[in-house]
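Here are some comments for a colleague who is meeting this structure for the first time. Please keep the sequence and the 3D view open while going through the points.

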Amino acid sequence: MNALKPLMLFGMLFAAIPIIIHLLNRSRYRVEPFGAMMFLHAAVRVRSQTLKLQQLILLLLRVLFFILLALALARPVTTSE
């Protein structure tokens, strides 16, 4: 398989952009314990696991978008010999 525009395959490097943004924008917060939060701690833990899974799926879709875009712009062709 060849690409009509092989330089467009360097566009796959743009797939790293969502990963870099994800790593730089991690929520950084300080935990301040107080009485009312002790009762809600279990619910928050379950919800945070769900949110992490959703964020991971969204990140993978964004990376896949850039990879597919780079492949589409490279216009891969197959030759039958």
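The numbered points below go from the overall layout to single residues.

1. The model is predicted, and a reader should therefore begin with its confidence, because where pLDDT is low, the predicted coordinates should not be read in detail. The mean pLDDT of the protein is 79, with 83% of its residues reaching 70 or more. Among the elements, helix H1 has the highest mean pLDDT, at 84, whereas strand E1 has the lowest, at 70.

2. The protein contains two helices and two strands, and their order along the sequence is β-α-α-β. Helix H1 covers residues 16-24, while helix H2 covers residues 35-74; strand E1 covers residues 2-3.

3. Of the 81 residues in the protein, 9% count as buried, and the accessible surface comes to about 7,400 Å², with 70% of that area belonging to carbon and sulfur atoms. As for contacts between residues at least 6 apart in sequence, 95% of them join residues at least 24 apart.

4. Which residues make up the nonpolar patch on the surface? The patch is formed by Leu9, Met12, Leu53, Leu56, Ile57, Leu60, Leu61, Leu64, Leu68 and Leu71, which together have about 860 Å² of accessible area. One of these residues, Leu53, is found in helix H2.

5. Leu4 deserves a look of its own, since this residue lies in the loop between strand E1 and helix H1 and, with a relative accessible area of 48%, is partly exposed. Leaving aside residues up to four places away in sequence, Leu4 touches Ala74, Arg75 and Val77. Leu4 and Leu73 are 69 residues apart in sequence, yet their C-alpha atoms are 9.1 Å apart in space.

6. In sequence Ile21 and Leu59 are separated by 38 residues, and in space their C-alpha atoms are 9.8 Å apart.

7. The last point concerns aromatic rings, where the count comes to one aromatic pair. The rings of Phe65 and Phe66 have their centres 5.5 Å apart and their planes at 70°, and the pair is therefore edge-to-face. These are the quantities to check in the 3D view, because a pair of aromatic rings is described by the distance of the centres and the angle of the planes. Phe66 is itself partly exposed, with a relative accessible area of 24%.

Key
Residues numbered from 1 in each chain as written. Predicted model: local features only at pLDDT ≥ 70, side-chain atom pairs only at ≥ 80, totals over all residues. Heavy atoms only, no water. Helix = DSSP H or I, 4+ residues; strand = E, 2+ residues; numbered from the N terminus. Buried < 20%, exposed > 50% of the residue type's maximum accessible area, 1.4 Å probe, protein only. Contact = heavy atoms within 4.5 Å. Areas by Shrake-Rupley, 256 points an atom, 1.4 Å probe, with all protein chains shown as cover. Phe/Tyr/Trp six-rings, centres within 6.5 Å; stacked < 30°, edge-to-face > 60°. Patch = residues over 30% accessible without salt bridge, like charges linked within 9 Å, V, L, I, M, F, W, Y side chains within 5 Å. Salt bridge = Lys/Arg side-chain N within 4 Å of Asp/Glu carboxyl O. pLDDT = per-residue confidence, 0-100.
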